[in-house]
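Hi,

Here is the structure I said I'd pass on.

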Amino acid sequence: MEGTLQAVTDTPADAAKDAPDLKPSFRSDVTVELVKHTAADADVLFAARVSTLGEQSLDELNKDPERSKGLINYLMRDRHGSPFEHNSMTFFISAPIFVFREFMRHRVGWSYNEESGRYRELQPVFYVPDESRKLVQEGRPGKYRFVEGTQAQQELVGRVMEDSYRQSYEAYQEMLAAGVAREVARAVLPVGLYSSMYATCNARSLMHFLGLRTQHELAKVPSFPQREIEMVGEKMEAEWARLMPLTYAAFNANGRVAP
Ligand SMILES: Cc1cc2nc3c(=O)[nH]c(=O)nc-3n(C[C@H](O)[C@H](O)[C@H](O)COP(=O)(O)OP(=O)(O)OC[C@H]3O[C@@H](n4cnc5c(N)ncnc54)[C@H](O)[C@@H]3O)c2cc1C
């Protein structure tokens, strides 16, 4: 109803000014913003020391920093995991849908809310890898190695992806213009379309995620994540490292295995 009223009262110039930008745009990066947190090394110590000190544990937190560091390292090494759950980080993430499909496989210690393709018109922002993204896969499953593509392969990827994205977004728009519901029309949109979500986790669930979705020289158990989810992981890791430096150091020192 609102739309109809606007069409009657607005001049064409006003309508053009208010209309969303329907021209596809292309990105190669991901957005990760820490929007909310209560997360500190002290939260781990507080939770752990209740075992031995009960409610007095709060007073003990800052008395002996070396002991605190040692305790966090011991908890990590012996995989005494629950003290790492008493904290919370909420990230705003914008990334292609194929990244979100992988992301949401992480079920434990994560909460998600994603933008809706039923309630809003999806914006034409699409993923095209830049030249740093290795394009060619070699080896067998589980032991893949990625190598640079040729100049011709890079140009091909850019051109074919952009053409395909434009075509599918036009099809989406054509159906919306004909009155088809957003939830039906979105079926033509590809997994390279950007979506956005809030994802909330704690240090333990984040460590489990990072162990699987990043490659790192200190990892005791190597993983082979897709580069684009790793880009998200690296940005979350940088935020977390700043908030919980002792926990982060212990994670690395113990082979990046979640406790
Ligand atoms: C490199 C890589 C390749 C992958 N390839 C594929 C693929 O080809 N196809 C595919 O479908 N998935 C694939 N995955 C996804 C993978 O199988 C996991 O779903 C994903 O990594 C989430 O891990 P998780 O289940 O340990 O995490 P979470 O769901 O967060 O679970 C955390 C931990 O809780 C415990 N847990 C959770 N649920 C259960 C349960 N139901 N029963 C028992 N214990 C439970 C487990 O100890 C688990 O490790 C891949 C993942 C990676 C990292």
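Let's start with Ser 82, which sits in the loop that runs between α5 (65–77) and β3; helices (H or I, at least four residues) and strands (E, at least two) are DSSP runs, numbered from the N terminus. Before going on: this is a predicted model, where local features need pLDDT of at least 70 and side-chain atom pairs count only at pLDDT 80 or more, while totals for chains, interfaces and linings use all residues. Residue numbers start from 1 along each chain as its sequence is written.

Ser 82 counts as exposed because it has 12 C-beta neighbours inside 10 Å. The cut-offs, with C-beta atoms placed from the backbone: buried means 20 or more other C-beta atoms within 10 Å of a residue's own, exposed 12 or fewer, partly exposed in between. His 208 is in helix α9, and its 19 C-beta neighbours inside 10 Å are why it counts as partly exposed. Both Ser 82 and His 208 are among the residues UniProt lists under "binding site" in an unreviewed entry; such annotations may be inferred rather than shown by experiment, and positions use the numbering used here, with feature names shortened.

Now α10: residues 227–243, with buried ones including Val 232 and Trp 240. Its buried residues pack against β2 (31–38), β3 (88–96), α6 (97–103), α9 (203–213) and α11 (245–253). Across that packing, Ala 95 touches Glu 228 and Val 232, among others (contact: C-beta atoms, placed from the backbone, within 7 Å).

Cheers

Key: Expected span 1.5 Å × (residues − 1). Contact = placed C-beta atoms within 7 Å. Lists of a residue's contacts leave out its neighbours within four places in sequence.
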